[in-house]
Amino acid sequence: MKVLISQEKIQDRITELSDSINKFILEKYPNDDIVFICVLTGSIFFFSELLRKIKIEVITDYIKISSYQGKSTSYNVKILKDISVDITDKVVFVIEDIVDTGLTLNKIISLFRERNPKDIIICTLLDKPSQRIIDVKIDFVGFEIPPEFVVGYGLDYNEKFRNKPYIYCLEEDEYAN
Ligand code: IMP
């Protein structure tokens, strides 16, 4: 097992990100309704830890998307659970675990744009920019990583390995089925 990002590094970076986001909201959207949306399932840890450090009152909701099967994207992005909050005229923060091809994020942004939010801000813990198929604008990035398949800290391989507090690359023999 190769640890790519330690628990300590993740925590430190989340503190930095939350400081930047708190400042950004106060400066740019002091009087707006803010909605934080967790992209399930991979973002669960990142979302909850980031949210606890956000000092402004925010509304929260969840969207569930499926695109990956095993180690690669299926290129078929499906909405499994939509948000229920009305985002019209609100500032939406999409909280992602990882942006790879950009297809998932592109689908989420298109869906939300139709609902006329005031703005859509993207925050991802991990970014694999070299893998991009569709160009998407990301506002806040935790870490840029190489094009390796990573698990832990919410990220999975076939629903396994989410519960590790750090992010690591799987060895070949750790891929069952
Ligand atoms: P994209 O649509 O290709 O940008 O992929 C986004 C989604 O694919 C993420 O929300 C993850 O669920 C999944 N994903 C992409 N890369 C990885 C990885 O290295 N490990 C685990 N999941 C990944």
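**Entry 1: ground rules.** I am working with a predicted model, where local features need pLDDT of at least 70, side-chain atom pairs count only at pLDDT 80 or more, and totals for chains, interfaces and linings use all residues. Residues are numbered from 1 along each chain as its sequence is written, and side-chain values use heavy atoms, leaving out hydrogens and water.

Entry 2: Strands pair if DSSP finds at least two bridges between them. I noted five bridges from β2 (residues 34–40) to β5, running parallel, with Phe36 opposite Phe93. On to β6 (residues 119–127): eight bridges join this strand to β5, also parallel, and Val99 has Asp127 as its bridge partner.

**Entry 3: the ligand.** Which residues come nearest to the ligand? Of the 16 around it (a heavy atom within 4 Å), they are Asp100, Thr101, Gly102, Thr104 and Val150. A backbone N or O atom of Asp100 sits 2.8 Å from a ligand oxygen, and a polar side-chain atom of Thr101 is 2.4 Å from a ligand oxygen. For Val150, a backbone N or O atom is 2.6 Å from a ligand nitrogen.

**Entry 4: back to β5.** I was pleased to see my strand again: β5 gives the most to the ligand's shell, four residues.

Note on methods. Helices (H or I, at least four residues) and strands (E, at least two) are DSSP runs, numbered from the N terminus. A polar contact is a pair of N or O atoms within 3.5 Å; within protein, one must be able to donate a hydrogen and the other to accept it, and residues adjacent in sequence count only if both atoms are side-chain atoms.
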